[in-house]
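Hi everyone, thanks for coming. Let me put my structure up on the screen, and then I'll walk you through a few parts of it.

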Amino acid sequence: MRLDGDWGDSSPAVAASIRGATLRKAGKLEAAIASYDQALVANPENVSLVAERCDTIVALKPVQADALAQFISKNSASADTPILKDQLKDLQDALVRTEEEEKTCAQALETIDKKQDAAPVPAQALYKRGLVFKSQKRFLDAQTSFKAAVSTYERDLAANPNDPLVWTNQGMALEQLYQDARALTAYEKAVQLRPTESLALVNQCAVLNRLKRFQAALTACDSALKGNGLWENSSSAYA
């Protein structure tokens, strides 16, 4: 990222956070984390950035674990060579660092509620926090975060009921609370507002499948494949 220092009313944190979101969608998780780190240097108190960074770390851990397992399987017959030993250690060390980062993230996320007095915590930050807690098997904490996210999305929708992405995000949070009927309603609202919303449609398909409404599920999945192709939550600048 080339920076000329002329930001006007904006901030370097905005560019770094958008860059992180873009890299995340491209599957370049380590580079995304580095961009979030850069954004947090400029805006260290931003809870949404903290949550996005932590969620990316959670996504990175199984990728690294899989890479390590594949390396061991592929090189088991010749693992004693110095080069392979070094490569194995690098993979192991990277996974250990990520696991430590995940623990640090959990501690950082626990401070989010304390910051609410200064400014309301965005719903997406609460949702991401829930995902991190869930990955750590802190299920009660995760459920508390998802419930807070749902409440905040409801507040956002009361102010702007015509945003399909917020309805989609609301549905995803409700799914985490095992409230499929309400989640389905949220996805239907999103699709009414934007019939090509792939993320809403693919989640609608999953809920309909669980509800054993198989034909409707297939229709939703087919529509998702023909939609706008946005399969993840759209991330804005968190600065």
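Predicted model: local features only at pLDDT ≥ 70, side-chain atom pairs only at ≥ 80, totals over all residues.

Let's start with a pair of helices. Helix α9, residues 198-210, packs with helix α10, residues 214-225, at an angle of about 160 degrees, and their axes are 8 Å apart. That angle is why we call α9 roughly antiparallel to α10. As for handedness, the crossing where α9 passes α10 is left-handed.

Is Lys 212 buried or exposed? Its relative accessibility is 64%, so Lys 212 counts as exposed.

Now the next pair, going back along the chain. Helix α7 covers residues 164-176 and helix α8 covers residues 180-193; their axes come within 8 Å and cross at roughly 165 degrees. With that angle, α7 is roughly antiparallel to α8. Here too I can give you the handedness: α7 passes α8 in a left-handed crossing.

The contact list goes like this. On the α7 side there are Pro 164, Trp 167, Thr 168, Gln 170, Gly 171, Met 172, Leu 174 and Glu 175, and on the α8 side they meet Asp 180, Arg 182, Ala 183, Ala 186, Tyr 187, Lys 189, Ala 190 and Leu 193. By type, the residues of this contact come out as nine nonpolar, three polar and four charged.

And what about the loop between α7 and α8? That's the place of Tyr 178. Tyr 178 is not a glycine, yet it has a positive phi of about 60 degrees. At 67% relative accessibility, Tyr 178 counts as exposed.

Okay, over to helix α5, residues 123-135, where you'll find Lys 128. Is this lysine, Lys 128, buried or exposed? The cut-off for buried is under 20% relative accessible area, and Lys 128 comes in at 8%, so it counts as buried. What is Lys 128 in contact with, leaving aside its neighbours within four places in sequence? The answer is Ala 51, Glu 52 and Asp 55.

Setting aside neighbours within four places in sequence, Ala 123 is in contact with Ala 149, Thr 152, Tyr 153 and Asp 156.

Last bit, let's zoom out to the whole chain. The secondary structure comes to ten helices and zero strands. Buried residues make up 41% of the 239 residues. If you take the contacts with a separation of 6 or more, 58% of them are between residues 24 or more positions apart. Finally, the chain exposes about 13,100 Å², with carbon and sulfur atoms supplying 54% of that.

Technical notes
Residues numbered from 1 in each chain as written. Heavy atoms only, no water. Axes fitted to C-alpha atoms, helices over the stretch in contact; angles between N-to-C directions. Helix = DSSP H or I, 4+ residues; strand = E, 2+ residues; numbered from the N terminus. Parallel < 35°, antiparallel > 145°, perpendicular 65-115°, else oblique. Left-handed = near helix turned anticlockwise from the far one by under 90°. Buried < 20%, exposed > 50% of the residue type's maximum accessible area, 1.4 Å probe, protein only. Contact = heavy atoms within 4.5 Å. Nonpolar A, V, L, I, M, F, W, Y, C, P; charged D, E, K, R; others polar. Areas by Shrake-Rupley, 256 points an atom, 1.4 Å probe, with all protein chains shown as cover.
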